[in-house]
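User: I would like to go through some of the labels used for this model and see what each one rests on. Please set the values against the definitions.

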Amino acid sequence: MADRTIQGGDGDGRADGIRTFPFPVELSVGGVGMQVGPMGTGRTWHADAPLERVHRIDFHVVMLFGDGPVRHMIDFAEYEATAGDLLWIRPGQVHRFSPSSEYRGTVLTMQPGFLPRATVEATGLYRYDLPPLLRPDEPQLAALRAALAQLQREYEDTGTLPAGLHTSVLRHSLTAFLLRLAHLAASSAEASRRQDDTTFTLFRNAVEKGFATNHSVSAYADALGYSRRTLVRAVRAATGQTPKGFIDKRVILEAKRLLAHTELPIGRVGAAVGFPDAANFSKFFQQHTEMTPAAFRAELR
């Protein structure tokens, strides 16, 4: 399968040039838009995508670990998972498998568009504000394991139903598992607090759409109809950060993605995240990472 370059991957018309690996349909049983099976060595999304290198995918990955600890990088943050933990990686996030960890358990991959819109909304498939690492309690874990095992049985049973009906059953089984997973994610105190804070939610969504061109807290406050003080209070309550710190963190994340995943000159990376002047971008990046953009890129190569 050929890889592809996503243009304007965040839907705002920006051509970020990030090389993204698509869902490997040809490796899926019956060519349906999902896979489920044991984790182990030799798995890959693409022949040219070594899993121990930083890479980006345009599909969902859910890993339920049967052993550990396992260290896994998602969007440049390290997570340590052990037996009974789950990692949920969403489309567009960059990640890297640890070559020193043994991945044991079950992995589910799912192509965007495999589930209907109502299910996507009910299961929060694109809640990027939720943490990737989930730690269920014993009853939750037992229910998730049972739902995932049932999904795997349905996935592997290609002989008892016509193809169309088999796909429908898979969608229902997948929905049951994802509803449990979404409930687990939303039940954490942090997730509940963010979900309930309408002011922060609106601000977060506005930053996601506009961070490449708008770094002004006052401009966001004016656009949303809040005073600057109200916005500061809401963002601090939800994240512990100032609104400016939240914006800067999102800009830095995108800059890291572009530096890691493209050959764009550093000046063009800066322009893509709202810094027409390359020197100003380099100064901003170094202030937040204690590394120059060039040094960060070199460290990953």
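User: Which residue in S7 does Ile74 stand opposite?

Analyst: Ile74 stands opposite Ala77 in S7. The model is predicted, so local features need pLDDT of at least 70 and side-chain atom pairs count only at pLDDT 80 or more, while totals for chains, interfaces and linings use all residues. Residues are numbered from 1 along each chain as its sequence is written, and side-chain values use heavy atoms, with hydrogens and water left out.

User: What makes S6 and S7 a pair?

Analyst: Two strands pair if DSSP finds at least two bridges between them. S6 (residues 70-74) and S7 (residues 77-81) have five bridges and run in the antiparallel sense. Strands here are DSSP runs (E, at least two residues), and helices are runs of H or I of at least four, both numbered from the N terminus. S6 and S7 form a hairpin with two residues between them, and Asp75 in the turn has a positive phi of about 50 degrees.

User: How many bridges join S6 to S9?

Analyst: S6 and S9 (residues 94-96) pair in the antiparallel sense over two bridges. The definition asks for at least two, so this counts as a pair. In S9, the bridge partner of Ile74 is His95.

User: Why is S6 called mostly covered?

Analyst: Four of the five residues of S6 are buried. Buried means under 20% relative accessible area, exposed over 50%, and partly exposed in between (1.4 Å probe, protein chains only).

User: Which residues of H11 are buried, and how do you know that they lie on the same side?

Analyst: In H11 (residues 293-300), Pro293, Phe296 and Arg297 are buried. They cover an arc of only 95 degrees around the axis, which puts them on the same side of H11. The arc is that of the directions from the helix axis to the C-beta atoms. Exposed Ala298 and Glu299 are on the face turned away from the buried side.

User: Why is H8 called oblique to H11?

Analyst: The axes of H8 and H11 come within 9 Å and cross at roughly 55 degrees, and that makes H8 oblique to H11. Angles under 35 degrees count as roughly parallel, over 145 as roughly antiparallel, 65 to 115 as roughly perpendicular and the rest as oblique. Axes are lines fitted to C-alpha atoms, for helices over the stretch in contact, and angles run from 0 to 180 degrees between N-to-C directions.

User: Which residues make the contact between H8 and H11?

Analyst: Lys256, Leu258, Leu259 and Ala260 of H8 meet Pro293, Phe296, Arg297 and Leu300 of H11, where contact means heavy atoms within 4.5 Å.
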